[in-house]
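This report walks through one protein model for a reader new to structures. Please look at the sequence and the 3D view first, then read on.

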Amino acid sequence: TMPVISSLLFASLLAAPVAMGDEGCSASVLVVPDSAGDRVWSLDPFDGQVLSTDFIPDDGRLVQPINAVCSGFGRLLITDENADAIFEYDLEGNYTRTWADASDGIDAPFGLAVRGCAAYFCSRSQGIVYRLDLITGTVEPWATDLGTPRDIVFRESDALVTESGGERIVRLGLDGSVLDVWHQSDGVEGIDFPQQIQPYGDGSFVVAGFSPPNGVYVYDEDGNQTDAYDKIITSPRGVFPLGNGRILYAGGTRIMSIDPKTGDEIEIVNQSGASFRFIEDADLTPPPSGDLDGDGAVNGFDLGLMLTS
């Protein structure tokens, strides 16, 4: 006989599927770690204005947070380069668990992306993209022999990884194999030290270039450069397309926005002592209670997980 708690969950799983929308998070707030302040700020997704300087406060655990990404389970995953860890926090900014750390063999985790029930994160020191199973907690190398990987983003049938060591962006298959070089720069006229990469609509992408010619670069779906904003005021690490049509970027003490039509900049933050990193959207709406696998729906897959456990 099924226990009472399982019976209740079973009943909820038999209900009509509850959709959460697109995979990942909708832009309720933007989150950007301050790796010098050991905290995470939140910003307005429309114009980038500051909502909170302590969305996740300095709790003594974060050492050098780089990327905060929705897990799909109503949590935020944070890569910490110096703590060599993947931390998890709830949507109110409270620590909940450590998913992986140096005991799992990882070092200097950087950019992270969630696909299905797994998180994929770059180790810039090891030249590896790891896969973290968000059901079992298993951590294993997924893509290896990369040149200082900084960030990863998935498309329908492949993934793009920025490599600061090779001044390029590589394309990976969904099995982690290297397919080809999606964009190669000479570091003189084009991007140098690529860091965060974000979708920019119509299949294009916007990428932060940290070293001279430091700037924000735009590429079409095939990796051809279509725009470059390389006369900006500071070196960007994080980038994000805002709801008002401007491009937000973060680096050092500043968070700025660019008008892509004119190249004009607006200073949103200039916080002495800060070191801003990658920018992501975060949905503060908890997922359906029966969505055990985090795929955005309550269905038979969740029932299978429940029965297995």
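Is D145 buried or exposed? D145 is exposed, because its relative accessible area is 74%, above the cut-off of 50%. The model discussed here is predicted.

**The chain as a whole**

The protein chain contains 2 helices and 24 strands. It has 309 residues, of which 52% count as buried. Among contacts between residues at least 6 apart in sequence, 44% join residues at least 24 apart.

The average pLDDT of the chain is 89, and 85% of the residues score at least 70. Over residues 1–24 the pLDDT is below 50, and this stretch has 30 contacts in the model beyond near neighbours in sequence.

**The nonpolar core**

In soluble globular proteins, nonpolar side chains tend to be buried together. The largest nonpolar core in this model has 17 residues. V129, W142, I152, V161 and L172 are those with the most contacts inside it. At least two residues of this core come from each of β8 (109–115), β9 (118–123), β11 (139–143), β12 (149–154), β13 (159–163) and β14 (168–172). The largest share, 3 residues, is supplied by β9.

W142 shows what such a position touches. Leaving aside neighbours within four places in sequence, the contacts of W142 include Y120, V129, I152, F154 and L172.

**Charged pairs**

Side chains of opposite charge can pair when their charged atoms come close. A search of the whole structure finds 13 salt bridges. Three of them are set out below.

| Salt bridge | N to O distance |
|---|---|
| D59 and R61 | 3.2 Å |
| E88 and R97 | 3.2 Å |
| R168 and E163 | 2.5 Å |

Salt bridges that share partners also join R155, D158, R171 and D180 into one network.

In the second pair, E88 counts as buried at 4%, whereas R97 is partly exposed at 39%. In the third, E163 is buried at 1%, while R168 is partly exposed at 25%.

D158, a member of the network, lies in the loop between β12 and β13. D158 counts as buried because its relative accessibility is 5%, under the cut-off of 20%. The side chain of D158 makes a polar contact with the side chain of R171 at 3.2 Å. Not counting residues up to four places away in sequence, D158 touches R171, L172, L174 and L179.

**Backbone exceptions**

Most residues other than glycine have a negative phi, and most peptide bonds are trans. Some places in this model depart from that pattern.

D145, in the loop between β11 and β12, has a positive phi of about 60° although it is not a glycine. F193 also has a positive phi, near 60°. F193 is found in the loop between β15 (178–184) and β16 (194–201) and is partly exposed, at 22% relative accessibility.

Which residues does a cis peptide bond join? The bond is between P212 and P213, with omega at about 0°. P213 is in the loop between β17 (204–209) and β18 (215–219).

How values were computed: Residues numbered from 1 in each chain as written. Predicted model: local features only at pLDDT ≥ 70, side-chain atom pairs only at ≥ 80, totals over all residues. Heavy atoms only, no water. Core = buried A, V, L, I, M, F, W, Y, C linked by side-chain atoms within 4.5 Å. Buried < 20%, exposed > 50% of the residue type's maximum accessible area, 1.4 Å probe, protein only. Helix = DSSP H or I, 4+ residues; strand = E, 2+ residues; numbered from the N terminus. Contact = heavy atoms within 4.5 Å. Polar contact = N/O pair within 3.5 Å; in protein donor to acceptor, adjacent residues only side chain to side chain. pLDDT = per-residue confidence, 0-100. Salt bridge = Lys/Arg side-chain N within 4 Å of Asp/Glu carboxyl O.
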